[in-house]
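Good morning, and thank you for making time for this item. Please keep the sequence and the model in view while I go through helix packing and charged side chains.

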Amino acid sequence: QRPTLRFYHIASLLPRPTTMTWSTGTILEEDELLSNLDDYASSLQVDAILVLGGGVPSSPKDPPTYVKNRCDVVAKLIHAVQERTTTNNGVHHPSVVCLSAGTAHLPQYITPHNGLPLWESTASAAYLMQHPTYPIPEKHMFVETTSYDTISNALFTRSTFTDINGWKKIIVVTNEFHIHRTKAIFDWIFSVPNTENGSSPNYELFYLSCNNVGLSNEAVEARRSHEKRGETNVLENLAKQYTTLKSVLGFLTTNHDFYAANKLVRQSMGDGNDEKRSGNLLKLSYGQKQSADSSSGSSLIQDGKIVFSLDGFVFFCLILMGLFFSIMKRRYEHDKEN
């Protein structure tokens with residue numbers, strides 16, 4: 001009896017590719033995402049991507065370097081998602097919400113042409129909309145302009161965007177030094193009902209941890225230490241005490257330095273010096289420009305360049321004028337003696 005010949009399709013003999021999955025509630029690192037970008041993008045269907053702020057911009061379209069990196073990764077991810085979904089179920093473009101009005105520890109950037117403060121989220125949105133490689137269309141871009149810290153990031157994003165728009169599957173993007181406290185806060189705020197006995201909001205959150213670029217090792221370590229204390233406070237105290245969205249708002253408006261009326265009034269009168277509470281390294285991690293003269297604040301060092309404030313520039317000119325007239329006077333007296 002002749003042996004039976006069996007034929008196999010060559011594809012069945014090859015190892016099947018592993019499908020990359022991003023599980024709900026987990027943290028994905030930037031390097032892992034970009035190394036397997038096509039795989040993640042092909043299976044990713046989210047409603048919105050939240051890009052956290054976290055530092056003073058250097059211009060209306062230039063957020064701090066580490067925030068730019070968050071934006072760069074988001075731009076690459078969205079581009080890959082669009083490429084992978086165009087041939088299947090049509091082009092899918094998640095909404096992008098840039099977060100943060102400003103940083104509680106630092107003065108805000110003042111826009112030169114109108115004297116108004118520049119929201120940190122505006123600078124991030126401008127950078128993304130004018131991205132050099134993968135610009136985000138303005139119809140998909142939104143800005144949150146009320147928050148001054150991570151708790152209010154989460155609260156005001158949920159109350160003004162995600163609850164109202166019905167966005168349930170969301171990616172939260174920040175840097176590695178900030179990701180664990182961010183996760184603790186967003187897990188808390190996005191899981192509580194609006195009021196007592198309210199229904200669960202049923203959000204699915206995914207966390208993207210971007211590399212810590214543009215900061216010194218010392219600044220990153222100072223920020224990690226600060227964030228760790230905040231994470232512990234959220235997990236062990238705040239999340240257990242404030243269990244509805246209404247109670248979280250109550251906490252902000254009665255206890256938070258930037259939302260409680262009595263505390264804001266005291267700050268406006270000069271009571272309580274935030275300069276003493278926040279260390280210099282911590283401020284550097286929020287985009288603080290390194291002061292060349294910390295006592296007068298007349299000049300700043302930014303990206304290796306000396307940048308003078310207006311009063312510093314005037315002071316510098318007066319010094320030069322004084323030196324000039326002093327030299328001329330000495331030359332005059334010397335010529336007169338001879």
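Helix 6 passes helix 7 in a right-handed crossing, that is, with the near helix turned clockwise from the far one by less than a right angle, anticlockwise being left-handed. Helices here are DSSP runs of H or I of at least four residues, strands are runs of E of at least two, and both are numbered from the N terminus. This is a predicted model, in which local features need pLDDT of at least 70 and side-chain atom pairs count only at pLDDT 80 or more, while totals for chains, interfaces and linings use all residues. Residues are numbered from 1 along each chain as its sequence is written, and side-chain values use heavy atoms, with hydrogens and water left out.

The axes of helix 6 and helix 7 (residues 176-189) come within 9 Å and cross at roughly 40 degrees; axes are lines fitted to C-alpha atoms over the stretch in contact, and angles run from 0 to 180 degrees between N-to-C directions. Helix 6 is therefore oblique to helix 7, where under 35 degrees is roughly parallel, over 145 roughly antiparallel, 65 to 115 roughly perpendicular and the rest oblique. Among the residues that meet here are I151 and R158 of helix 6 and R181 and I185 of helix 7.

Helix 6 (residues 150-165) also packs against helix 9 (residues 245-255), at about 135 degrees and with the axes 11 Å apart. That arrangement is again oblique, but this crossing is left-handed. The contact (heavy atoms within 4.5 Å) includes L155 and F156 of helix 6 and L249 and L252 of helix 9.

Which side chains of helix 7 and helix 8 are paired by charge? A salt bridge is a side-chain nitrogen of Lys or Arg within 4 Å of a carboxyl oxygen of Asp or Glu, and the structure holds nine. E176 pairs with R224 at 2.9 Å, linking helix 7 to helix 8 (residues 217-241) across 48 residues. R181 and E227 meet at 3.0 Å, N to O, and this pair ties helix 7 to helix 8 across 46 residues. Both R181 and E227 are buried, meaning under 20% relative accessible area, with exposed over 50% and partly exposed in between (1.4 Å probe, protein chains only). E176, at 28% relative accessibility, counts as partly exposed, and R224 does at 32%. E176, E221 and R224 are linked in a network of salt bridges.
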